[in-house]
Amino acid sequence: MKKPKITKATLFEVRLPLKEPFTTGFGTLWDRDTLLVRLEDESGIIGWGEAALVKDPIYLEEWLGGGWLFITNYLFPIINNQEITSQEFADKIKHLRGNNIAKFAVETALWSIEAQLANKPVWQLLGGTRTKIQSGASISIQENIDKTLEKVEKALDRGLTRIKLKIKPGLEYQLVKAVREKFPEVMLMADANSSYTLADVDKLKALDEFNLIMIEQPLAYDDIIDHAKLAKQIKTPICLDESIRSFEDARKAIELKACKIINVKPARVASLYEVQKINQLAKKTGIQLWCGGMLESDIGLIANLASASLSEFTLPADISNWTTYFDSTFTNINDRYNQGIFTLDDAIGLDLKVDEEWLENKTIRKLKI
Ligand code: MG
C-alpha cells in the first residue's frame, strides 16, 4: 500500500455550541471546545482527526490546552514532511507517555488518508464486520425526575434503544426506580462517573432490583482493585470506563474480575490498534464491549463507528451525540444515520465533506505547519 506523505498539518481549536448544558457527576459544559487535526498528503488527500478533550483536567488528566501543546510540540514534528503509516506513527510515539486523546487525533487522521489511498473505509481497514451500529442515549443529570422521564421518552422516540442514566450519590435510587417503573422493558444502565466509594456499597446494592444491564464506573477513575471488591457484593454487572486506558488495563481488569463489560472510548486508549487488541482479548475472555463517546463532533464519530463495527462491540454505542447535543453538524456523516442506527457502507468516511467555511467561523485558534 502506498504510504501517506504528509505535506501540510493544521490544528484547529473550535468552539461548537451545545443545544443545552451537559451535566454529569463531574460538572457542566455549555459549549464544546475541541481540537481538530487536518492532514494533507502530497497528492492533496485530506485526513481529519479529533482530540475530543475538555477545557479542564476534570475527566482525565489530559486537557485541551495540554493537548494543543502536545500535538504541536511532539506529534506534528514526527509526521511533518514524512512518509509515514498510522502503524509506524503509533510505534514511533510509544515512548511518549499518556496524552492518549491527543495521540488518537493524529493517528486517526493518518488512518483517514490511508483509507482514501486504499479506497476502503476505515471500518473495513480495521477489520469491522457489523454494518448497522445501534446507538443508545446518555441522559445527563436533570433538574428533576420528571424532566429525566421526559428525556428518556424523547430518546426512545428517536430510535435510541439503550438508556444510560447519569447518577451521583443521593441521586440514584429514586431516579432509576422512576425510569424503571415507567419503562419496564427498556435496556437500562447507570453511569456514576466515579462519584462513589466502597463506603457507598449499600446505595449501589439497592440498584440490583432494577435489572440494570450494567453500572458504569462507580468507583475511582483510575481504580481496578476496588471495583473487583465491589463486583463481589452487587448483582448488577460492572462496566469499566475511565479506568481502561490501554489493552493492559483491560487485561488486568478482566483478570481481577473487576468488570464484565468495558466501555471502550477509542481515543482514551490512544490508538485504533489498541482497540483491535482489546477486541481480540474480549473475544478470548467473553467480555462484552461497547463504544462510548466523549461528546465528539462529526469528525471523532468516524473512528468511533469503525471501532463499534468490531465483532465484540455487541452493545449499543454512544454515537448520537451530535443529534442530541450539538447545534449543527458540519459534515455529511449524518447522511448514514436514521432512527438511532448508523449504516456503514463501502464509502463512509471516504466521501467525507467537511464544511471548512463553517468551521472557520467556529475556530478560536489555528496552527499550520
Ligand atoms: Mg462513563
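Before starting, one cut-off: a residue counts as buried when its relative accessible area is under 20%, and as exposed when that area is over 50%. Keep in mind that the model here is predicted.

**Exercise 1.** Locate glycine 65 and decide whether it is buried or exposed.

*Solution.* Start with the element: glycine 65 sits in helix 1. Next, take its relative accessible area, which is 17%. The cut-off for buried is under 20%, so glycine 65 is buried. To finish, compare two kinds of separation: glycine 65 and threonine 329 lie 264 residues apart in sequence, and their C-alpha atoms are 24 Å apart in space.

**Exercise 2.** Find the protein donors of the magnesium ion and describe how they are spaced in sequence.

*Solution.* Step one is to list the donors: Asp191 (OD), Glu216 (OE) and Asp241 (OD), at 2.1 to 2.4 Å from the ion. Step two is the spacing, which reads D-x24-E-x24-D. Step three is to look at one pair: glutamate 216 is in strand 8 (residues 214–216), while aspartate 241 is in the loop between strand 9 (238–240) and helix 9 (247–255), so the pair, 25 residues apart, links distant parts of the chain. Step four is accessibility: glutamate 216 is buried, with 0% relative accessible area, and aspartate 241 is buried with a value of 0%.

**Exercise 3.** Describe how helix 5 packs against helix 6, using the angle and the distance between their axes.

*Solution.* Two packed helices are described by the angle between their axes and the distance between the axes. For helix 5 (residues 145–157) and helix 6 (residues 173–182), the axes come within 10 Å and cross at roughly 45°. The two helices are therefore oblique to each other. As for handedness, helix 5 passes helix 6 in a right-handed crossing. Now the side facing each partner: Ile145, Thr148, Leu149, Val152 and Glu153 of helix 5 meet Gln174, Leu175, Ala178, Val179 and Lys182 of helix 6. Sorting the residues of this contact by type gives six nonpolar, two polar and two charged.

Terms used
Residues numbered from 1 in each chain as written. Predicted model: local features only at pLDDT ≥ 70, side-chain atom pairs only at ≥ 80, totals over all residues. Heavy atoms only, no water. Donors = N, O, S within 2.8 Å, 3.2 Å for Na, K, Ca; no water. Helix = DSSP H or I, 4+ residues; strand = E, 2+ residues; numbered from the N terminus. Buried < 20%, exposed > 50% of the residue type's maximum accessible area, 1.4 Å probe, protein only. Axes fitted to C-alpha atoms, helices over the stretch in contact; angles between N-to-C directions. Parallel < 35°, antiparallel > 145°, perpendicular 65-115°, else oblique. Left-handed = near helix turned anticlockwise from the far one by under 90°. Contact = heavy atoms within 4.5 Å. Nonpolar A, V, L, I, M, F, W, Y, C, P; charged D, E, K, R; others polar.
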